[in-house]
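Have the sequence and the 3D view open as you read.

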Number of protein chains: 2
Amino acid sequence: MFSKSCNYAIKAAIFIAKHSLEENKVGFVDIAKEIDSPQAFTAKILQILVKSGIIDSVKGVNGGFYIPKKNIATTYLVEIVDAIDGDAVFHGCGLGLSQCSETHPCPVHDKFKSIRDELAHMLETTNLEELALGIKSGETFLKSL
Amino acid sequence: MFSKSCNYAIKAAIFIAKHSLEENKVGFVDIAKEIDSPQAFTAKILQILVKSGIIDSVKGVNGGFYIPKKNIATTYLVEIVDAIDGDAVFHGCGLGLSQCSETHPCPVHDKFKSIRDELAHMLETTNLEELALGIKSGETFLKSL
DNA sequence: TAATTACATGATTTCGAAAACATAAGGAAT
DNA sequence: ATTCCTTATGTTTTCGAAATCATGTAATTA
């Protein structure tokens, strides 16, 4: 569905959000450990999230990544997916045609439309706060056992 | 959503189905041309479809690939996806966790479930005949302009 | 202001899907 | 039977995402 980078990004954002709810910053080493991802690669993805304005960072001693508390509940998954993978998931053709539209549709164009719309709606309405609270309460997990 | 191989496989199957409706066989060169795919690579994908029992083949002069007419309307997309990409699309975790279940769910486990279910339902109920007829009538297309 | 901590970024390597290559094998037509 | 057409299959190469490596930059603290 999404690229590996995007999966890492979503998990990292949830983890950062969880700590930001408690006014704490987290370093990329801790993030990588918690979401089971390669450190150096994770650092790069975090940069993209910073440049996209999804998360903030502070250098130096006691620095780290965080999300301003007021933004946590208003940051939606769609922003992360769009920053990392672009909009191909939402607008790309289900069969990979470079040109696929209402006027020149692929055989499954209409069949995919409802599914893509539902996916888009889910990403547009799911915010980081609810996901972070799920982690915090122990209902959900960021890595395998 | 699907791998490139799977996209080729779906398009090839639709094209073959279209010709099989008219009792014609088609060669892999023609298939590759019609669906805008690399010839050699397409040939390999066709082998997988043959071994999976989705299409049949005849060697020699006037040979080619075809689908027995009675099977066209009862062959569903899910069979092709399963043969090429396996069941990861249906059962894999939306965030890439190797272990993700009701008892140890990722943060978006429930949110993805309904989408995956709808996708599965679509693939299980869409058959090659309707897609082939769409191509035949000129409503839909297998390649870009 | 020097030392330390942690983020930032460009270059390089790895790895697997995708694609291409080369050759074998089967079947129909004559 | 032999020729030729077409599918079948194993090997190799390409290419881009993923991952790593190496180095630079900023900010805090003492």
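## A glutamate and its lysine partner

B:Glu22 is partly exposed, with a relative accessible area of 35% (buried means under 20%, exposed over 50%, partly exposed in between, using a 1.4 Å probe and protein chains only). Its side chain meets that of B:Lys136 in a salt bridge, at 3.5 Å from N to O; the term stands for a side-chain nitrogen of Lys or Arg within 4 Å of a carboxyl oxygen of Asp or Glu. B:Glu22 sits in the loop between α1 (4-20) and α2 (28-35) of chain B, while B:Lys136 belongs to helix α8 (residues 128-136) of chain B, so this pair ties together parts that are 114 residues apart in sequence. Helices are DSSP runs of H or I with at least four residues, strands are runs of E with at least two, and both are numbered from the N terminus. B:Lys136 is partly exposed too, at 41% relative accessible area.

Before going on, some ground rules: this is a predicted model, where local features need pLDDT of at least 70 and side-chain atom pairs count only at pLDDT 80 or more, while totals for chains, interfaces and linings use all residues. Residues are numbered from 1 along each chain as its sequence is written, chains are lettered from A and ligands numbered from 1 in the order in which they are written, and side-chain values use heavy atoms, leaving out hydrogens and water.

How many salt bridges turn up over all chains? A search of the whole structure finds 8. One of them joins A:Lys69 to A:Glu23, with the closest N and O atoms 3.5 Å apart. That pair links distant parts of the chain, with A:Lys69 in helix α4 (residues 69-72) of chain A and A:Glu23 in the loop between α1 (4-20) and α2 (28-35), 46 residues apart. A:Lys69 is partly exposed at 45%, whereas A:Glu23 is exposed at 59%.

Chain B has a salt bridge between B:Glu23 and B:Lys69, at 3.5 Å from N to O. Here B:Glu23 lies in the loop between α1 and α2 of chain B and B:Lys69 in helix α4 (residues 69-72), 46 residues apart. B:Glu23 is exposed, with a relative accessible area of 58%, and B:Lys69 is partly exposed at 45%.

## How the two chains pair up

Two copies of a chain are related by a rotation about an axis and a shift along it. The same surface serves both copies, as 100% of the contact residues of chain A recur in chain B (contact means heavy atoms within 4.5 Å).

The contact takes 37 residues from chain A and 37 residues from chain B. Between them the chains bury about 3,300 Å², 68% of it on carbon and sulfur atoms; buried area is the accessible area (1.4 Å probe) that two parts lose on being put together, summed over both. The interface of chain A and chain B has 2 salt bridges across it. A:Glu130 and B:Lys111 also meet through their side chains in a salt bridge, at 3.1 Å from N to O.

## Inside the core

Which residues have the most contacts inside the largest nonpolar core? They are A:Ile80 and B:Ile80, in a core of 94 residues. Such a core is a set of buried Ala, Val, Leu, Ile, Met, Phe, Trp, Tyr and Cys residues joined through side-chain atoms within 4.5 Å. Leaving aside neighbours within four places in sequence, A:Ile80 touches residues including A:Ala9, A:Leu49 and A:Leu128.

A:Leu77 is found in helix α5 (residues 77-85) of chain A and is buried at 1% relative accessibility. With neighbours within four places in sequence left out, its contacts include A:Ile10, A:Leu131 and B:Val108.

A:Cys6 is buried, with a relative accessible area of 0%.

B:Cys106 is in no disulfide either, with the nearest cysteine sulfur, that of B:Cys93, 3.6 Å away. B:Cys106 also counts as buried, at 1% relative accessibility.

Notes:
Disulfide = S-S within 2.5 Å.
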